[in-house]
Amino acid sequence: MNPQLQEKILAVTHCGVDRSESTGFFRVALGLFYLSGLMTKETLDFAKLDRDFNRFIYHSIGKGHSITSILQYMSGEKVVPVVESKRFLRAFAEHCPEVPIENIPFLLGLNLSVAKDISRIDVRGPVADYIERQRQLREAAEAN
């Protein structure tokens, strides 16, 4: 987790209007970077990767949070208002162009499928509904 990436995530975080929104922005921005980083053919050292992310999380938003809790947050209904927030989408697009906002539904779907495989949770719900709405919007836009 390099300093430039940390600065980008913190820049998105600072676009929140209050502590709750800023924390949501932090979680989603960080989670999206983490998930996009998994899309590689290279072998990943998850112990080191998670340790680096967890250290940054602890220093940024305090104890009680980890990459695992952030990925859990991203599979729950609280993520939907963040990824639908125009303020978040603008900030993320501006500060984090290496993860295109068009990839958000795919990355959330990836996270849901991993969560389902690990914990056997039911993936139906608000996040799956959001992903489906985005698919429909994309297909409608492509048809025009």
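Guide: What follows moves from single helices to pairs of helices and then to individual residues.

Visitor: What kind of model is this, and how are residues numbered?

Guide: This is a predicted model, in which local features need pLDDT of at least 70 and side-chain atom pairs count only at pLDDT 80 or more, while totals for chains, interfaces and linings use all residues. Residues are numbered from 1 along each chain as its sequence is written, and side-chain values use heavy atoms, with hydrogens and water left out.

Visitor: Which residues of helix H1 are buried?

Guide: Helices here are DSSP runs (H or I, at least four residues), numbered from the N terminus. Buried means under 20% relative accessible area, exposed means over 50%, and partly exposed lies in between, with a 1.4 Å probe and protein chains only. In H1 the buried residues are Leu5, Ile9, Val12 and Thr13. They lie on the same side of H1, because they cover an arc of only 110° around the axis; the arc is that of the directions from the helix axis to the C-beta atoms. The exposed residues Pro3, Gln4 and Glu7 are carried on the face of H1 turned away from its buried side.

Visitor: What do the buried residues of H1 pack against?

Guide: They pack against H2, helix H3 (46–61) and H6, where contact means heavy atoms within 4.5 Å.

Visitor: At what angle do H1 and H2 pack?

Guide: Axes are lines fitted to C-alpha atoms, for helices over the stretch in contact, and angles run from 0 to 180 degrees between N-to-C directions. H1 and H2 pack at about 145°, with their axes 8 Å apart. The contact is made by Leu5, Ile9, Leu10, Val12 and Thr13 of H1 together with Ser22, Phe25, Phe26, Ala29, Leu30 and Phe33 of H2. By class, this contact of H1 with H2 has nine nonpolar, two polar and no charged residues. In that count Ala, Val, Leu, Ile, Met, Phe, Trp, Tyr, Cys and Pro are nonpolar, Asp, Glu, Lys and Arg are charged, and the others, Gly among them, are polar.

Visitor: How do the axes of H1 and H6 cross?

Guide: The axes of H1 and H6 come within 9 Å and cross at roughly 155°, which means that H1 is roughly antiparallel to H6. The cut-offs are under 35 degrees for roughly parallel, over 145 for roughly antiparallel, 65 to 115 for roughly perpendicular, and oblique for the rest. Lys8, Ala11 and Val12 of H1 make this contact with Phe88, Ala91, Phe92 and His95 of H6, and its residues divide into five nonpolar, one polar and one charged.

Visitor: How do the axes of H2 and H6 cross?

Guide: Helix H2 (residues 19–37) and helix H6 (residues 86–95) have axes that come within 11 Å and cross at roughly 45°, and therefore H2 is oblique to H6. In H2, the residues Glu21, Phe25, Val28, Ala29, Leu32 and Phe33 meet Arg87, Phe88 and Phe92 in H6. The residues of this contact of H2 with H6 are seven nonpolar, no polar and two charged.

Visitor: Which residues of H6 are buried, and which exposed residues are on the face turned away from them?

Guide: Phe88, Ala91 and Phe92 are the buried residues of H6. Seen down the axis, they fall within an arc of 95°, so they line one face of the helix. The face turned away from that buried side carries the exposed residues Lys86, Arg90 and Glu94.

Visitor: Is alanine 91 buried or exposed?

Guide: Alanine 91 has a relative accessible area of 3% and is therefore buried. Leaving aside its neighbours within four places in sequence, alanine 91 is in contact with Val12, Cys15 and Cys96. The C-alpha atoms of alanine 91 and lysine 8 are separated by 9.6 Å, although these residues are 83 residues apart along the chain.

Visitor: Where is methionine 74 found, and what does it touch?

Guide: Methionine 74 is found in the loop between helix H4 (67–73) and helix H5 (79–83), and methionine 74 counts as buried because its relative accessibility is 0%. Apart from its neighbours within four places in sequence, methionine 74 is in contact with several residues, including Arg27, Val28, Leu32, Leu108 and Val127.

Terms used:
Helix = DSSP H or I, 4+ residues; strand = E, 2+ residues; numbered from the N terminus.
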